[in-house]
Each structure stands twice: as structure tokens, then as C-alpha cells.
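Please keep the sequence and the model at hand while reading.

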Amino acid sequence: IRCWSNIPFITMPLSRAHGKSFAHRSELKHAKRIVVKLGSAVVTRGDECGLALGRLASIVEQVSMLQNQGREMMIVTSGAVAFGKQRLRHEILLSQSVRQALHSGQSQLKDMAIPVLEARACAAAGQSGLMALYEAMFTQYSICAAQILVTNLDFHDEQKRRNLNGTLHELLRMNIVPIINTNDAVVPPPEPNSDLQGVNVISVKDNDSLAARLAVEMKTDLLIVLSDVEGLFDSPPGSDDAKLIDIFYPGDQQSVTFGTKSRVGMGGMEAKVKAALWALQGGTSVVIANGTHPKISGHVITDIVEGKKVGTFFSEVKPAGPTVEQQGEMARAGGRTLAALQPEQRAEIIYRLADLLTDQREEILLANKKDLEEAENKGRLALPLLKRLSLSTSKLNSLAIGLRQIAASSQDSVGRVIRRTRIAKDLDLEQVTVPIGVLLVIFESRPDCLPQV
């Protein structure tokens, strides 16, 4: 427990040394320091003029909940340009002379031309209002927020970077939520070839790269990037065969086809993936998820921290074999293939399984012996479970005999007419045996159970 201004608050102990990202989603619940990046499509209304207040309020509520749990939350936000555009449009309409408004007629007033607004001017007009809105929302949860505006040059200057780092650490120490944004009122246009270029070089050209840079600088445990799509797809989300990628590993970029960027904002999904991989390389776990869907946006941040399967999780630890989801898909596809086989083909497969049990008996028994030795050394299995784990030559022979019996009887197990009823002339109703489909069987400590199933 620490105190600030005589008000005690509890902090969570760091669960790990920074430098290595979490390998699995289930570990995200241990994240202490978290950056939430809000894309323009998340905080901006559909007409790109003004803020989506409902979504923003929901995000603030989730961030406040995690902050009050003792986590250190930071927000990288967009929205100043959209908020400023709304304000400036309103001011331009009000600045029209009363005479012009009175004589133009109601219909002409609606069609009054609004000049094209420059983004920097919109950002300058909207930044203060955006921050005032954040402060009002966080105040409802007794949380103080602080504004920090940065540009790419602030990260190139060593002294400025140290100052920024120190300011952020001090704010987190005082239980204040830093709200960071690029200073769009003065920021230069992005250079086309100065994107993420390695561990020590990153160009802050949008809020995706800014969030990645801050996450690494501040040694955060988790970076949550909220956008207007469910996560990363293997092809543009609008295409028919697009499939959401649950876990993305470095080096998988070749398997992904990126579409066009979002309707608003400077970064598209490709920029998000580059920023995510850069942060992952720096030791920060990353999740890209949808922050606009009305059914999930109200709990998307807390769901991610709880380790639920939301969005795309970036991990450096690639499993040796297929994931559970991939195994299920392969079983489904294999089941459809098996369902179309002839009885003779089914029998041939089962005979082959029986032959494998006898031909590879020595290899199977040696592997089982290692399992038994490990179980005995660790002492985690009770004696009945240990006995179930044991295999023997007689067990394997018995299994092989049983499989051959099933193969012999499988000739008429599928496609056999059990019952036939005459409904009408030239109309018969038949009950025919068909494949039952793919089954999930859970069994414990019994390797001989698999061929039995």
C-alpha cells in the first residue's frame, strides 16, 4: 500500500521481469502496466464529425475498473481532429451573418457550404475539448487523468525522451491515468519510408507506432489496440473467405493479405501489425481487437485482460504442433472424408491401425515406460491412475485383435438398411446406418483408450 495526498491505494506486484512477452492468453491476467490504444474509428462517429460518446464512456469505465484493481493504465487516443472539426463547423455556421441566415431561407441554410477544414486547425480546436471530456468521464470513477502531447522529434531527442519517461513514471506512481496523443496541431506530415525499422528505430507517424513506442519505452506488459475490425484476418475482412487469426506469430506476414486502411485515421491494419510486432520484439504482449462492436465494446478491454479469446493475440512462442482449434478443424474435415468412404476402405484403415500397434510395439512400450517413470518421480498420480497409465505387450495384442474384429464387422456397419416401410406406391421410407460424425472423448491416464474409441 502506498499513499499520495494522504489517500492510500493498493498496487499489484509485478508478476515477471520485463523483457519477454506473455506466451499465452491465460497469462494476460498478470499484466500490471497496460497501454490501451484507441483508433480514430473507435472514438469517432460514423460521420467523422464528433465523438462516439457512448463507446468512449464504456472504454473509460473499463480502464477505470482495471486502474482501481491496482493496474497502471495508459491511453493513447485519437479523436482531436474529429472533435475539432465538429467545433469548427459549428463556429463557421454561427459566424454567418444574421442577415444572410434570415434571407437565405431554411432550405438554403441547410445547404450552406462549409469550407474544407485543415486537419492541424481541427486538432488545435479539438484537443482541449477532447481532454476535458476524458477528465469529466474519469472523474465519475474518482480517477485523475493527465494530458501528454508528443511528436516524433520528442523521441529522437535523448533528453526529451528521458523527460517523457520520467513524467509518465511519476504520473503512474501517483495513480493518475496518462492520456497521450500526437500533437497533430504541429506534427509534420509522415514520411513514406520512415516506418518501423528495427528495435532502436521507430518513426512516430500515427498513433499505432506511438503506442508501440510508448509500450516499449515504459516496459509495459500489454498493449491493447482497438480498431473497427475484430482483429487480424488472413485476407481483407470484406472478402468471403476471410478468416480471423486467433494467434499471430512473427514471420507470418507472408500469409496475410492486407486491405485498405480504415475510413478515418492515418494507419491501416498493416501499420497496426508492424507496430504490434515491434512492441512484441521489445517484450510487450499485444492484442488487436474490435472496439466498435456494440455487443462486445462494453467489455472488450476487461475480457482481453482476463485472457478470453478476443481479437488477435501476438505471441513469440509458436506451438510445436497444431492448436486445439486447428485440430478441431482437421478432425471436421477428416470426418467428412471418412463419411464418404466405402466399407472396404474403412476396413483397410482399421486393419492398418491394428498392424501399427504390433509393428511399433517396442517404440510404444518405450515411450510408455518414460511416462511411467516421470509420473512416479513427480508423484502427482495416485496409484490407481498410475496402473491405468501402464501398457504391456498383452494389452497391445488385445487391442490389435479387437481392431481386426471391428474391421471385419465394418463391411456392413455403414449403409445397412435396418428398416423399410412402404409409404405409398413407388414410395419407400428406409432407415439406413450412417457415420455418426466426429466425436470428442475425454479420458484420463489410459493410453489404451484411444484405439478402443
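## Overall make-up

Of the 453 residues in the protein chain, buried residues make up 41%. The coordinates belong to a predicted model, and the values below are to be read with that in mind. In secondary structure, the protein chain has 17 helices and 12 strands.

When contacts between residues at least 6 apart in sequence are considered, 73% of them join residues that are at least 24 apart. The accessible surface of the protein chain amounts to about 25400 Å², and carbon and sulfur atoms account for 55% of that surface.

## Nonpolar cores

The largest nonpolar core contains 39 residues, and those with the most contacts inside it are Leu 38, Tyr 134, Phe 138, Leu 222, Leu 226, Ile 301 and Ile 304. Helix α6, which spans residues 119–139, gives the most to this core, contributing 6 residues.

Once neighbours within four places in sequence are left aside, Leu 38 is in contact with Val 43, Leu 56, Ile 59, Ile 75, Val 76, Thr 77, Ser 78, Tyr 134 and Leu 226. Two of these partners, Tyr 134 and Leu 226, are also listed with Leu 38 among the residues that have the most contacts inside the largest nonpolar core.

## Val 36 in strand β3

Val 36 lies in strand β3, which covers residues 33–38. Is Val 36 buried or exposed? With a relative accessible area of 0%, Val 36 falls under the 20% limit and is therefore buried.

Val 36 and Val 225 are 189 residues apart in sequence, yet their C-alpha atoms are 6.2 Å apart in space. With neighbours within four places in sequence again left aside, the contacts of Val 36 are with Val 63, Met 73, Met 74, Ile 75, Val 76, Ile 224, Leu 226 and Ile 301.

## Helix packing

Two packed helices are described by the angle between their axes and the distance between the axes. Helix α3 (residues 80–95) and α6 have axes that come within 6 Å and cross at roughly 95 degrees, which makes α3 roughly perpendicular to α6. On the α3 side the contact involves Ala 80, Val 81, Phe 83, Gly 84, Lys 85, Arg 87 and Leu 88, while α6 contributes Ala 119, Ala 121, Cys 122, Ala 123, Ala 125, Gly 126, Gln 127, Ser 128, Gly 129 and Leu 130. By class, the residues of the contact of α3 with α6 comprise 10 nonpolar, 5 polar and 2 charged.

Helix α8 (residues 158–173) and helix α9 (residues 207–217) pack at an angle of about 75 degrees, with their axes 11 Å apart, so that α8 is roughly perpendicular to α9. Arg 161, Leu 164, Asn 165 and Leu 168 of α8 meet Arg 213, Leu 214 and Glu 217 of α9 in this contact, and the residues of the contact of α8 with α9 divide into 3 nonpolar, 1 polar and 3 charged.

## Loop residues

Which backbone feature marks Ser 142, although it is not a glycine? Ser 142 has a positive phi of about 60 degrees, and this residue is found in the loop between α6 and β5 (145–150). Its relative accessible area of 72% is over the 50% limit, so Ser 142 counts as exposed.

Asn 175, which is not a glycine either, has a positive phi of about 65 degrees and lies in the loop between α8 and β6 (177–182). Asn 175 is partly exposed, with a relative accessible area of 26%. A further loop residue, Ala 340, sits between α12 (324–339) and α13 (343–359) and is exposed, with a relative accessible area of 59%. Between the C-alpha atoms of Ala 340 and Val 434, which are 94 residues apart in sequence, the separation is 9.9 Å.

## Gln 431 in strand β12

Gln 431 belongs to strand β12, made up of residues 427–432, and is partly exposed, with a relative accessible area of 37%. The C-alpha atoms of Gln 431 and Arg 419, 12 residues apart along the chain, are separated by 5.1 Å. Leaving aside neighbours within four places in sequence, the contacts of Gln 431 are with Arg 416, Val 417, Ile 418 and Arg 419.

Conventions
Residues numbered from 1 in each chain as written. Predicted model: local features only at pLDDT ≥ 70, side-chain atom pairs only at ≥ 80, totals over all residues. Heavy atoms only, no water. Helix = DSSP H or I, 4+ residues; strand = E, 2+ residues; numbered from the N terminus. Buried < 20%, exposed > 50% of the residue type's maximum accessible area, 1.4 Å probe, protein only. Contact = heavy atoms within 4.5 Å. Areas by Shrake-Rupley, 256 points an atom, 1.4 Å probe, with all protein chains shown as cover. Axes fitted to C-alpha atoms, helices over the stretch in contact; angles between N-to-C directions. Parallel < 35°, antiparallel > 145°, perpendicular 65-115°, else oblique. Nonpolar A, V, L, I, M, F, W, Y, C, P; charged D, E, K, R; others polar. Core = buried A, V, L, I, M, F, W, Y, C linked by side-chain atoms within 4.5 Å.
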